[in-house]
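Trainee: I would like a close look at a single part of this model, and then at what else can be said about the chain. Please keep the terms plain.

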Amino acid sequence: MTDSVLRPAPNGAGIPELLTALDSYRLARQTLLGALGLGQSNRDPLAEFAEHLVAALSGGRLAQSRVQANYDLISADGEYVQVKYLANPLSDWPNEHTVRTIPGVDWYALVVYEAFTVTGVLAFPPDLTEICAALGKRHTGQSTSLQFTRRNWWTIRDNADAYRQLGMRIWVPPFL
């Protein structure tokens, strides 16, 4: 690439359009971070939002450090919670997620975003054996890991009470 050749981006946008789009993103990001009380952060805003959402849902408080090892918050009941998220478009799910038990952590919360909208929050207990069995999983290590797919999301979402009986905590919109 040389300085004398300025080509449009692969989508056809020129430099002014790219810079304008970045300005729009920056303003929206600052608004979100401000609502979370973070001021400035270079962390992924979806991760930041997921942690705050799970803290609000569980009545918990965020860990003192936003990059705390092993857990992200402590619930109102004093339980340690790791928070992750899974983001996909509505039309298909190119991304999947492995839920993993973490020693000393009581819950593994997964915020599900579809088309950048929160469609659910799942909290998994440390022993995943019964949940994996109910989902018909065939992978190894089912007591400590679950290979989470779109089909699993639909199954849990559509049968929330059954999965709550297996020890999960499940929130779907509307959250209030």
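In which helix is Leu 27 found?

Mentor: Leu 27 is found in helix α1 (helices are DSSP runs of H or I with at least four residues, strands are runs of E with at least two, and both are numbered from the N terminus). This is a predicted model, where local features need pLDDT of at least 70, side-chain atom pairs count only at pLDDT 80 or more, and totals for chains, interfaces and linings use all residues. Residues are numbered from 1 along each chain as its sequence is written, and side-chain values use heavy atoms, with hydrogens and water left out.

Leu 27 has a relative accessible area of 53%, so this residue counts as exposed (exposed is over 50%, buried under 20%, partly exposed in between, with a 1.4 Å probe and protein chains only). Between Leu 27 and Ala 160 there are 37 Å in space, C-alpha to C-alpha, and 133 residues in sequence.

Helix α1 covers residues 15–35 and also holds Leu 22. Leu 22 is partly exposed because its relative accessibility is 46%. Together with Ile 15, Leu 19 and Tyr 25, Leu 22 forms a nonpolar surface patch of about 390 Å² accessible area (by the Shrake-Rupley method with a 1.4 Å probe; for residues, only the protein chains shown count as cover). Patch residues have over 30% relative accessible area and no salt bridge; nonpolar side chains (Val, Leu, Ile, Met, Phe, Trp, Tyr) are joined within 5 Å, like charges within 9 Å. A salt bridge puts a side-chain nitrogen of Lys or Arg within 4 Å of a carboxyl oxygen of Asp or Glu.

Now the strands. Six of them form an open sheet of mixed pairing, in the order β1-β2-β3-β5-β6-β8 (two strands pair if DSSP finds at least two bridges between them). β1 (61–62) and β8 (169–171) are the edges; each has a single partner strand, so one side of each lacks a neighbour in the sheet. Strand β2 (residues 73–74) runs antiparallel to β3 and is joined to it by two bridges. Ile 74 has Tyr 80, in β3, as its bridge partner.

Lastly, the rings: there are four aromatic pairs (ring centres of Phe, Tyr or the six-membered ring of Trp within 6.5 Å; planes under 30 degrees apart are stacked, over 60 edge-to-face, the rest tilted). One of them is Tyr 85 with Tyr 113, edge-to-face at 5.5 Å centre to centre and 80 degrees between the planes. That pair links distant parts of the chain, with Tyr 85 in strand β3 (residues 80–88) and Tyr 113 in strand β5 (residues 107–114), 28 residues apart. Tyr 113 is buried at 2% relative accessibility, whereas Tyr 85 is partly exposed at 25%.
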